[in-house]
Amino acid sequence: MAFFQFFAVNAGRCPRPAPSVCERRGTNMAMRLQRRLGAVIVPGALVVALVALGGAPAYAGPGAPAGGALVPVASDTGHDRAASLIGVAGGNTPVSVAVSLNPRDRAGLARFNAQVADPRSALFRHFLSPAQYLDRYAPTATQVAQVGDYLRGSGLRVTGVSANRQVVDAVGTADVIGRAFGTSIGSYRSADGRSYYAADGAARMPADIAGLVSFVSGLTDRPAATHAAQPAGTGPNGGQSPTDLQTAYSMGSVVSAQGGAGRTVGLVEFDAFKQSDITAYTQKFGLPSLTPTVTNVDGGVGVGAGQIEVTLDIDAVAVYAPKAAQIVYEAPNTDAAWVDEFAKIASDNKVDVLSVSWLLGESCENKPIPASHDAINQMIAQGVTIFSASGDWGAHGCGYNGDEKTLTANYPASDPGVTGVGGTHLSVKSDGTYSSESVWNTGSSGSTRSGGAYSATYATPDYQKPVNSNAMRAVADVSLAGDPSAGGLAINLNGSWTSVGGTSESAPLWAGFLADVDQKGAKRLGNINPTLYQIAQSPAYASNFHDVTSGGNGTYNAATGYDLPTGLGTPIGISLIDGLLGATTPTNDFSISLRPASGSVAPGQSTSTTVTTKVTSGAAETITLSASGLPSGVTVAFDPTTVNGDGSSTATISTTSAAAPGTYNLTLTGQDTDATHSAQFSLTVTGGATNDFSISLSPGSGSVAPGQSTSTTVTTKVTSGPAETITFSASGLPSGVTVAFNPTSVNGDGTSTATIFTTSATAPGTYNLTLTGQDKDATHSAPFSLTVTGGPGGGDDIVNGNFETGTLAGWTASGPASVVTSPAHGGRFAASVGPRGFPSNLSQSFTAHHGTLTLWYDQVCTGSQPFGFGSITLTDNTTGAQQTLAQLFCGQGPTGYTKATAALTQGDRYTLNVQNQDPGFFGATAAIILDDVTDAS
């Protein structure tokens with residue numbers, strides 16, 4: 001607000017002796033602002049009009065509500081098939097929505113999660129930090145701002161953004177929500193007499209915004225999820241004690257030795273619990289005292305009908321992990337809160353294991369699934385192991401909704417990154433040790449049997465293909481005791497004892513077991529499904545699992561090995577712990593090499609290389625060969641296609657006459673049942689161009705600590721025909737790595753310096769970058785091997801902070817911004833934000849690994865009546881706090897460079913933004929000069 005008061009005061013000053021000139025200029029200024037800002041301004045009302053600019057502007061982009069085509073976006077209208085429409089919801093009814101954004105690279109995240117969970121992959125259990133996830137896969141801050149601006153411009157109040165930038169929460173009245181999402185909000189009554197509001201049709205948004213959005217939740221307040229807890233007897237005498245379940249599954253010594261100490265288990269809940277009930281439970285059974293931490297989402301929720309579920313989950317985790325910490329995430333039972341809760345858990349990254357006993361039937365409550373799937377993928381990338389109850393309605397996952405005909409699985413158990421847990425009927429010997437199990441099934445309808453069915457949403461993942469020939473994912477993956485008629489777990493509820501079963505007992509029991517595994521291994525395990533199925537295909541299966549082979553859930557029967565009601569079976573605790581931890585290195589392994597590792601052909605010709613494999617540990621196995629990374633017109637044939645252990649194969653690389661000239665990095669891969677390894681082949685396709693050139697790098701490799709940079713000289717030579725303009729680019733860059741060329745193009749014979757930047761968040765490793773030159777006739781590339789050493793080093797978190805690349809590489813600019821040579825604070829170059837532009841911005845986001853940010857700035861104003869203003873701000877995206885490092889007005893501050901510093905919190909994510917406002921009044925110009933930005937000093 002201070003700026004606008006300054007603006008009005010100075011705009012009203014008239015130099016003497018010519019007030020009429022000043023008045024005309026003031027009128028012109030107002031007219032310019034009217035045209036640029038869409039405000040109705042007259043000279044006499046200048047102060048009022050300018051102050052009004054301090055509020056949030058209406059969204060005026062191509063997706064403004066007032067114009068532009070609206071397109072459908074995924075949303076939950078909330079309609080119950082048996083519900084009746086009462087009328088239009090009250091216009092002032094408050095409606096809270098959660099708008100979920102698409103991840104930046106959903107396909108890349110899926111590939112990473114497959115590798116990080118695959119025992120045969122070099123990335124196995126090398127998880128990401130939340131900051132690394134933000135850098136690689138999260139929606140950008142710009143995308144979040146676009147969605148937020150649209151919501152505000154539509155009349156909604158934005159109430160928050162999840163820390164992973166995945167969800168924007170907002171609130172508005174029913175009328176405003178209806179207009180913003182191209183629908184209307186109706187009032188409905190369900191078959192059982194409950195009233196709720198719901199959208200009368202699918203949500204719609206402007207195309208430019210809809211392309212960013214994966215799901216809109218909150219257009220209904222009808223309960224979304226159901227739980228799978230089933231009351232049984234009147235424990236503790238009629239129910240199972242922690243000792244009963246520890247003894248039955250060979251977990252007594254594990255609980256004594258580990259007990260989950262130092263690990264944290266999270267629980268997804270849509271109800272609350274009473275601490276007095278938890279205390280009564282731990283005291284009754286001699287367990288360590290337990291006070292779960294409650295994290296409220298969307299305001300939390302009070303104790304209600306689902307209290308039994310929350311209490312059961314807490315108590316069941318404590319059976320196998322009595323020493324583990326527990327975080328109970330509590331939210332209202334709406335689809336918006338469902339989405340917000342999963343985003344909150346992923347963003348917090350405070351839990352090692354997560355248990356979910358609240359379910360969505362895929363055929364009846366599938367709308368929030370994609371948005372929560374994105375959050376689950378983030379958790380998997382960060383190493384969280386997730387268990388979910390498979391449901392209590394057999395193969396009819398929507399049985400709780402009255403549909404006991406449709407065969408459907410429950411979510412999140414159906415998610416390939418989640419371990420779905422079925423329920424069994426456990427029988428024990430007189431001494432309490434394991435005797436036998438069968439599928440839990442005590443009736444043909446209702447919540448009486450173990451959930452197990454095929455997903456309608458997710459295809460069969462690779463890890464499950466050896467046991468599942470169906471095209472769709474099968475649920476469950478594993479099982480545990482859950483039959484309430486066999487006792488159920490004894491819990492204390494509102495001061496009285498009862499016993500509870502269902503797959504809601506089975507899932508948190510597995511979560512507690514996994515906390516013991518994490519503790520013994522001193523690490524997170526992430527998605528354990530590939531490891532579980534690998535164990536099941538090995539001779540170790542019988543010593544790690546009880547195979548449940550009797551009974552059925554009314555649709556699918558138990559069988560030897562895998563089956564839908566019980567998955568792979570139940571754990572033999574102490575053995576499976578070692579099995580899960582022992583999967584870090586393949587028992588049988590091999591190496592692969594190529595000779596030669598490169599070749600050159602003309603289009604239409606072929607070349608070959610010999611692929612050699614060597615057994616490095618264990619026994620020889622059949623290795624299947626394949627190729628990837630093939631450009632159009634290139635194929636690879638292996639002869640033979642498989643080898644056994646030590647062997648060789650000839651890989652013939654063939655091209656067609658249409659194959660484009662250039663250099664390509666092909667990947668030749670060998671895979672056996674235990675391991676996968678690859679080698680690179682560099683293929684150069686020559687000819688095809690009258691004018692041609694060559695490209696080379698010196699040096700061809702470099703090594704840096706995270707946050708530092710290295711460089712190479714790119715040299716081009718004309719090999720035929722006349723010289724042409726060659727433009728440079730880089731590909732194959734890992735997260736946190738950028739390349740800037742100076743100059744960005746050369747003519748014929750020439751050189752360019754390629755500077756390779758890293759951030760402090762760049763993961764250590766060796767990466768093969770490809771630097772490419774292209775003219776109108778030919779394309780050629782050269783490989784550069786970049787090694788990022790160690791962990792975060794003393795290097796800078798700011799990319800190109802001194803602008804000595806001669807470019808704005810690493811920075812994001814909007815409006816006029818460029819590199820200048822004068823005035824430069826240090827070196828040859830600095831950045832100029834402006835002149836012109838209303839506004840111009842230059843920004844960079846980074847994760848801090850140092851304690852102080854330092855920068856130098858100058859404001860350059862020209863003209864007889866210079867007018868311009870701007871600011872330099874630093875926003876902590878982790879906490880939302882913002883620091884203003886400089887507030888600049890032409891003629892109102894020092895001349896020349898000024899130093900600014902700001903304290904940083906290591907590990908937090910920051911955005912530095914320089915904004916210049918130059919309206920161009922009276923022919924004057926204004927710019928902010930930035931140089932030598934660093935946090936490494």
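Accessible areas here come from the Shrake-Rupley method with a 1.4 Å probe. With that set, I looked up the total for this predicted model: the chain exposes about 35,000 Å², and carbon and sulfur atoms supply 50% of that area.

**Entry: the chain as a whole**

I noted 937 residues, of which 55% count as buried. I found 18 helices and 55 strands in the chain. I then checked the contacts with a separation of 6 or more: residues 24 or more positions apart account for 75% of them.

**Entry: helix 16**

I asked how many of the residues of helix 16 are buried. The count is 7 of the 8 in residues 529-536, so helix 16 is largely enclosed by the rest of the structure. The buried ones are N529, P530, T531, L532, Y533, I535 and A536. I next looked up what covers them. The cover includes strand 19 (419-428), strand 22 (472-475) and strand 23 (478-481). It also includes helix 17 (541-544), strand 26 (545-546) and helix 18 (573-581).

**Entry: D118**

I located D118 in the loop between helix 4 (106-116) and helix 5 (130-136). Its relative accessibility is 18%; the cut-off for buried is under 20%, so D118 counts as buried. The side chain of D118 reaches the backbone nitrogen of R120 at 2.9 Å. Leaving out residues up to four places away in sequence, I found that D118 touches F124 and P530. P530 is one of the buried residues of helix 16.

**Entry: aromatic pairs**

I found 19 aromatic pairs in the structure. For Y281 and F285, the ring centres are 5.4 Å apart and the planes stand at 70 degrees; the cut-off for edge-to-face is over 60, so this pair is edge-to-face. Y281 has 0% relative accessibility and therefore counts as buried.

I also looked up Y463 and Y533, which form a tilted pair at 5.3 Å centre to centre, with 40 degrees between the planes. This pair links distant parts of the chain, 70 residues apart. Y463 is in the loop between strand 21 (453-459) and strand 22, and Y533 is in helix 16. Are these two residues buried or exposed? Y463 counts as buried at 13% relative accessibility, and Y533 is buried with a relative accessible area of 3%.

One aromatic cluster I noted is formed by F270, W338, F342 and W358.

I traced an open sheet of 5 strands in the order 38-45-44-40-42, with mixed pairing. Strand 38 (701-704) and strand 42 (745-747) stand at its edges with a single partner strand each, so one side of each is left without a neighbour in the sheet. On average, neighbouring strands of this sheet are turned by 25 degrees against each other, direction ignored. Inside the order, strand 44 (residues 765-774) and strand 45 (residues 779-788) run antiparallel and are joined by 10 bridges. L769 stands opposite F784 in strand 45.

I then traced an open sheet of 4 strands, order 28-30-34-32, with antiparallel pairing. Its edges are strand 28 (589-595) and strand 32 (634-639); each has a single partner strand, so one side of each lacks a neighbour in the sheet. The twist from one strand to the next averages 25 degrees. I counted 7 bridges between strand 28 and strand 30 (residues 606-617), which run antiparallel. I592 stands opposite T613 in strand 30.

Terms used. Residues numbered from 1 in each chain as written. Predicted model: local features only at pLDDT ≥ 70, side-chain atom pairs only at ≥ 80, totals over all residues. Heavy atoms only, no water. Buried < 20%, exposed > 50% of the residue type's maximum accessible area, 1.4 Å probe, protein only. Helix = DSSP H or I, 4+ residues; strand = E, 2+ residues; numbered from the N terminus. Contact = heavy atoms within 4.5 Å. Pairing = 2+ DSSP bridges. Axes fitted to C-alpha atoms, helices over the stretch in contact; angles between N-to-C directions. Polar contact = N/O pair within 3.5 Å; in protein donor to acceptor, adjacent residues only side chain to side chain. Phe/Tyr/Trp six-rings, centres within 6.5 Å; stacked < 30°, edge-to-face > 60°.
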